[in-house]
Amino acid sequence: MYRFAPSPTGDMHIGNLRAAIFNYICSLQDKSGFILRIEDTDKERNIEGKEKDILEILSKFGIKPKQIYIQSENLKFHRQLASKLLIDKKAFACFCTEEELEAKKQKAKEQGVAYRYDGTCERLSDAEVLNCEKPFVIRMKKPTRTMSFTDAIKGELSFEPDAVDSFVIMRADKTPTYNFACAVDDMLEGVTFVIRGEDHVSNTPKQDLIREGLGYTGKMNYAHLPILLNIEGKKMSKRENESSVKWLFEQGFLPEAIANYLILLGNKTPTEIFTIEDAVKWFDITKISRSPARFDVKKLEQINREHIKLASKERIKEIFGVDESKAELVKFYTQESSLVPEIKAKVEAIYSPKIAPDEYKNEFDIIKKAARNLKACETFDEFKKELMSVTNLKGKNFFMPLRALLTNDLHGPELSELYPLIKDDLAKILI
């Protein structure tokens, strides 16, 4: 079982989307199932409506969860299992205040050593714990051995006990920390393979330790994806427009193109242009590069253009809001633009009232009048010759106003290539 577990705290980042797509593809390959878990336990940072946004975005990519879980609804299980760890002496109550811990961290910093919890409360007797009325957190006892796991991308990874430390699993307000809620939920929901960003590598031994402490013996597999870099080679920030899936949609990138590019990044694929359905046939998570991948919007534009060319008439109608008969015209304009709004504007301009350019106003009016009186011409050459003979215009004084009359622009593609796509609509266009 695979899962995607986003938090409703902001717009979806392309790194998160990449993890969702990879998890979904792998779930289709082994037919083990894919679930969505909304990790909403950080109430202060949650943004209302973001759960809906997440579902809508996933649906645009054709990602269909077998089950949807809300993490906060598992709170009773988190508390029960944290109590079990306390009873079984796998965890302990910690009464240290924030001020006390901060002082110890500062001392470690001054000494130039990494701070580790010193075990103060772990050494308390049962009687001292029961008689203490101070608020407390619950800490997992740090492991007594090296924690290791095999990462499908990074290989064998090991963590010494001090690297794991005695970490907090339940806060003083009796809410779970990220690692505890995540570890418990994965266990309860039958997750067997976790694909996520490499910023979670250090969380993995902690989550394994929690499940081990609870007596869980199920095998968990992992793959941690390298970070995405911007075009300058720096770690992609959430503040950068390109990192937001919502922003990419607003610019006119298709879901199929975005998915294509995210699968392509840091990967060797049999072809450059493909769909998620295609990728299911050959995708191999172990082949993802260990090195960070650079996200290039210009490359995404090129892929977007190719997917517009490949789109069915029905899909063109859905994307551009035009009649299916204009699908080939839409695809024709991919030679000039890669984004939906730009192409849509060019098509709409053809079917909009035309504005005569100042420098060719007289010629524009002459050509417009002549064109309206012409009989239907099958080819552009016939159309051009007829107009030239009637108007006695030639060169720039003919072609520039003619282009403006047909496209509402003085620049653009070859009219001889455009004409076959619009000749049946000339009566609508010559307005």
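This is a predicted model: local features need pLDDT of at least 70, side-chain atom pairs count only at pLDDT 80 or more; totals for chains, interfaces and linings use all residues.
Residues are numbered from 1 along each chain as its sequence is written, and side-chain values use heavy atoms, with hydrogens and water left out.

Helix 7 spans residues 178-188; helices (H or I, at least four residues) and strands (E, at least two) are DSSP runs numbered from the N terminus. Nine of the eleven residues in helix 7 are buried, where buried means under 20% relative accessible area, exposed over 50%, and partly exposed in between (1.4 Å probe, protein chains only). Among the buried residues are Phe180, Cys182, Val184 and Asp185. The buried residues of helix 7 pack against strand 1 (2-4), strand 2 (34-38), helix 3 (75-87), strand 8 (168-170), strand 9 (193-197) and helix 8 (204-213), with contact taken as heavy atoms within 4.5 Å. After helix 7 comes Gly190, which has a positive phi near 75°.

Side chains of opposite charge can pair when their charged atoms come close. A salt bridge was assigned when a side-chain nitrogen of Lys or Arg lies within 4 Å of a carboxyl oxygen of Asp or Glu. The count by this rule is 28 salt bridges. One of them joins the side chains of Arg37 and Asp185 (3.8 Å, N to O). This pair links distant parts of the chain, with Arg37 in strand 2 and Asp185 in helix 7, 148 residues apart. Both Arg37 and Asp185 are buried. A network of salt bridges links Arg3, Arg37, Glu39, Asp185, Asp186 and Glu189.

A salt bridge also connects Lys154 and Glu198 (2.7 Å, N to O). Lys154 lies in the loop between strand 6 (147-151) and strand 7 (155-159) and Glu198 in the loop between strand 9 and helix 8, so the pair ties together parts 44 residues apart in sequence. Lys154 counts as buried because its relative accessibility is 19%, whereas Glu198, at 23%, is partly exposed. In helix 17 (residues 380-391), Lys384 and Asp381 are three residues apart and therefore separated by about one helical turn; their closest N and O atoms are 3.7 Å apart in a salt bridge.

Glu99 is located in helix 4 (residues 98-111) and counts as exposed because its relative accessibility is 60%. Gln106 is also found in helix 4 and is partly exposed, at 35% relative accessibility.
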